[in-house]
Amino acid sequence: MKHKYLYGAGVVVMLVMAACSKDFLEKPPIGTLSPEIVASEAGVQGLLIGAYSLLDGNGSTGDGNYGSAASNWGYGGVASDDAYKGSDPSDVADFAPFEQFVTLTPTNGAVPQKWNLGYNGAQRCNDVLNTLAISTGISESTKTGIIAQARFLRAFYHMELKKVFNNIIYADENVNPTNTKVTNTADVWPKIEADLKFAVDNLPETWSEVGRVNKSAAKAFLAKAYMFQKKFAAAYPILQDVIATGKTSNNVKYGLNPQYYSNFNPAQKNSRESVFAVQTSVQDGSSVDWGGAPNGNYGDILNFPYNGGPGACCGFYNPSQDLANAHKTDANGLPLLDESYATGLRVGDSTNTYTGTLDPRLDLTIGRKGVPYLDWGLHPGADWIRNVPNDGLFSPKKNVYANSQKGTFTDVGSAYWGPTELVANNVNLIRFSDVLLWAAECAVTAGDIPTAMAYVNTVRARAADPSGWVYRNSDYNAATAQYSTQTTPAANYKIGLYTPATFTTANAMKAVMFERRLELAMEGHRFFDLVRWGIAAPTINTYIAREKAQRPLKQNASFTAGKNEYFPIPQGTLDKLNSDGTKRITQNPGY
């Protein structure tokens with residue numbers, strides 16, 4: 001399902017909420033049609049497609065929606081120890097504070113993009129519900145399915161806001177021009193849970209359109225909501241159910257893809273591992289020159305090698321040296337849980353090269369010098385990096401496409417200035433491996449160490465399959481995400497499974513956490529994981545200390561516990577919502 005196929009026709013009837021001002025509580029937008037005009041099944045379905053369309057993080061006109069990208073590359077990646085901002089510090093400079101923290105303020109120009117997108121998405125869901133309530137000629141079963149989808153999407157948008165900003169307002173269908181007595185509450189999780197539970201109870205398991213949310217995906221998001229609240233006992237049975245019986249919306253049982261990189265290959269999207277993903281498309285007439293919201297993953301258009309390979313520019317979102325080093329393995333092929341990976345020779349250092357064993361996911365996640373970069377040839381190192389002192393020597397790899405896919409899974413010849421940056425590569429919001437590793441966390445907290453080990457080993461066993469590794473002197477098959485001649489691995493790969501002797505009560509949670517970093521690296525989850533585990537401050541400050549000697553942008557960086565776990569609420573929002581003397585919203589501590 002290409003959600004935006006109906007978006008162009010439906011946008012004029014969307015009641016879009018201007019969340020950076022009091023407008024989102026008080027004013028109906030100018031230039032929109034009244035709900036009565038679209039009070040039909042076709043009209044309501046059009047509104048629902050509009051609500052889905054903001055999943056990609058782009059809906060408003062104009063350039064600059066990188067701050068609301070579906071991948072959360074800035075909030076979940078750059079703000080963590082996974083990645084650097086990339087490019088020059090002055091290029092899209094609002095992202096530099098994401099890796100410095102001390103310079104992050106409520107007037108930062110990127111954070112309102114995420115805030116506005118979340119509330120615009122929520123309001124589109126509310127428009128669906130309010131319009132449905134006055135519509136006629138719609139069967140009860142169809143109504144229920146529409147409500148379930150709208151409430152799921154509303155929960156999703158609020159969950160994103162909660163993860164990033166914490167101190168938020170829950171905007172339901174009762175927030176309208178006649179009801180402005182709403183303030184940010186201490187806890188919006190119960191409302192998020194209620195919406196997700198309704199979705200679980202009322203969504204079908206299958207749809208004719210693959211992009212619609214189904215019952216299994218709603219269960220996974222309900223479990224995610226519980227995980228963020230540390231309600232492990234509530235999350236665990238749901239996750240076990242999703243693992244045992246969950247299926248995609250086209251009725252395929254969830255499971256891991258045989259090859260790890262298939263999850264990031266546009267030719268293999270909507271696979272059995274895709275629990276729920278942002279749908280993308282190209283060559284559909286949506287791309288314009290800096291004036292709209294193309295469907296081809298616009299939020300990640302900066303995140304390509306700088307001077308060659310896929311895309312047209314721009315050298316952002318470079319994997320960190322710390323992430324590369326974290327892929328070192330011991331004599332058993334296991335991660336270095338004691339963080340000794342950070343000492344000694346550095347992975348990818350061409351002058352003093354580390355030649356020890358490595359987790360093979362390294363070269364499926366990170367583009368590094370001398371290693372095949374799909375079918376683009378060997379990664380040249382510094383030639384593909386815009387600012388080596390700040391950006392390191394690595395390129396992102398999970399958001400790109402093969403050379404042989406250019407023109408098929410990219411835009412071509414559109415009015416947009418960089419059509420090959422617009423890619424039909426879905427953004428995975430939850431993968432099945434994510435579910436397995438959440439279940440492993442729950443098992444550890446329940447004291448069931450053998451089951452936790454089994455979940456982790458299931459994920460590692462896929463990575464250990466040599467058929468999915470990177471190989472030298474071989475063609476790359478973009479249809480299957482495999483190298484055709486599997487004779488010479490690109491590095492000294494060694495990955496093993498845990499045993500009861502190596503996966504113990506004492507280190508089990510650390511092993512699960514480390515596995516999440518390796519498996520989900522550069523997918524926008526790392527910072528939020530560190531926060532929900534309560535280890536963001538020590539982890540990031542230790543990382544910054546390692547980086548200061550090498551990265552100028554890190555010289556004055558510092559993470560403040562009790563503050564930097566969340567981003568500042570935009571100053572414009574505070575000023576306008578509280579302008580009449582009624583304090584409707586409160587800034588996060590420390591800002």
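Modeller: For helix pairs, an axis is a line fitted to C-alpha atoms over the stretch in contact, and an angle runs from 0 to 180 degrees between N-to-C directions. Please keep in mind throughout that this is a predicted model.

Biologist: What is the orientation of helix H5 to H6?

Modeller: The axes of helix H5 (residues 111-133) and H6 come within 9 Å, and they cross at roughly 160°. Since an angle over 145 degrees counts as roughly antiparallel, the orientation of H5 to H6 is roughly antiparallel.

Biologist: How do the residues of that contact divide by class, and which hand does the crossing have?

Modeller: In the contact of H5 with H6 there are 17 nonpolar residues, together with 4 polar and 5 charged ones. As for the hand, the crossing of H5 and H6 is left-handed.

Biologist: H6 also packs with helix H3; are those two roughly parallel or roughly antiparallel?

Modeller: Helix H3 takes in residues 41-53 and helix H6 residues 140-165, with an angle of about 20° between them and 10 Å between their axes. H3 passes H6 in a left-handed crossing. Because angles under 35 degrees fall in the parallel class, H3 and H6 are roughly parallel.

Biologist: Which element gives the most to the lining of the second largest cavity?

Modeller: The second largest cavity contains about 140 Å³ of space, and 18 residues line it, with Val210, Ser249, Ser274, Val275 and Phe276 closest to its centre. By class, that lining has 7 nonpolar, 9 polar and 2 charged residues. The element that gives the most to it, with 4 residues, is strand S2, residues 274-278.

Biologist: Where is the cis peptide bond that involves cysteine 314, and what is its omega?

Modeller: Cysteine 314 belongs to the loop between S2 and strand S3, the latter being residues 316-319. The cis bond joins cysteine 313 to cysteine 314, and its omega is about 15°.

Biologist: Tyrosine 317 has a positive phi; is this residue buried or exposed?

Modeller: Tyrosine 317 sits in strand S3, and its phi is near 60°, a positive value in a residue other than glycine. Its relative accessible area is 4%, and since anything under 20% counts as buried, tyrosine 317 is buried.

Biologist: Glutamate 339 has a positive phi as well; where is it placed, and what is its relative accessible area?

Modeller: Although glutamate 339 is not a glycine, its phi is positive, at about 65°. The residue is placed in the loop between helix H10 (321-325) and helix H11 (362-365). Glutamate 339 counts as partly exposed because its relative accessible area is 38%.

Biologist: How far apart in space are glutamine 229 and tryptophan 189?

Modeller: Glutamine 229 is located in the loop between helix H8 (215-228) and H9. With a relative accessibility of 19%, glutamine 229 counts as buried. Glutamine 229 and tryptophan 189 are 40 residues apart in sequence, and their C-alpha to C-alpha separation in space is 8.2 Å.

Biologist: And what is the distance in space between lysine 510 and leucine 520?

Modeller: Lysine 510 is part of helix H15, which covers residues 508-519. Its relative accessibility of 45% is why lysine 510 counts as partly exposed. Lysine 510 and leucine 520 are 10 residues apart in sequence, and the distance between their C-alpha atoms is 15 Å.

Definitions and conventions
Residues are numbered from 1 along each chain as its sequence is written. This is a predicted model: local features need pLDDT of at least 70, side-chain atom pairs count only at pLDDT 80 or more; totals for chains, interfaces and linings use all residues. Side-chain values use heavy atoms; hydrogens and water are left out. Buried means under 20% relative accessible area, exposed over 50%, partly exposed in between (1.4 Å probe, protein chains only). On a 1 Å grid over the protein atoms alone, a cavity is a set of points where a 1.4 Å probe fits but cannot get out, and a pocket is an open set with protein on both sides within 12 Å along at least five of seven lines; lining residues have an atom within 4 Å of a point. Grid points are joined across faces, edges and corners, and a volume is the space filled by probe spheres set on the points. Ala, Val, Leu, Ile, Met, Phe, Trp, Tyr, Cys and Pro count as nonpolar, Asp, Glu, Lys and Arg as charged, and the others, Gly among them, as polar. Angles under 35 degrees count as roughly parallel, over 145 as roughly antiparallel, 65 to 115 as roughly perpendicular and the rest as oblique. A crossing is left-handed if the near helix is turned anticlockwise from the far one by less than a right angle, and right-handed if clockwise.
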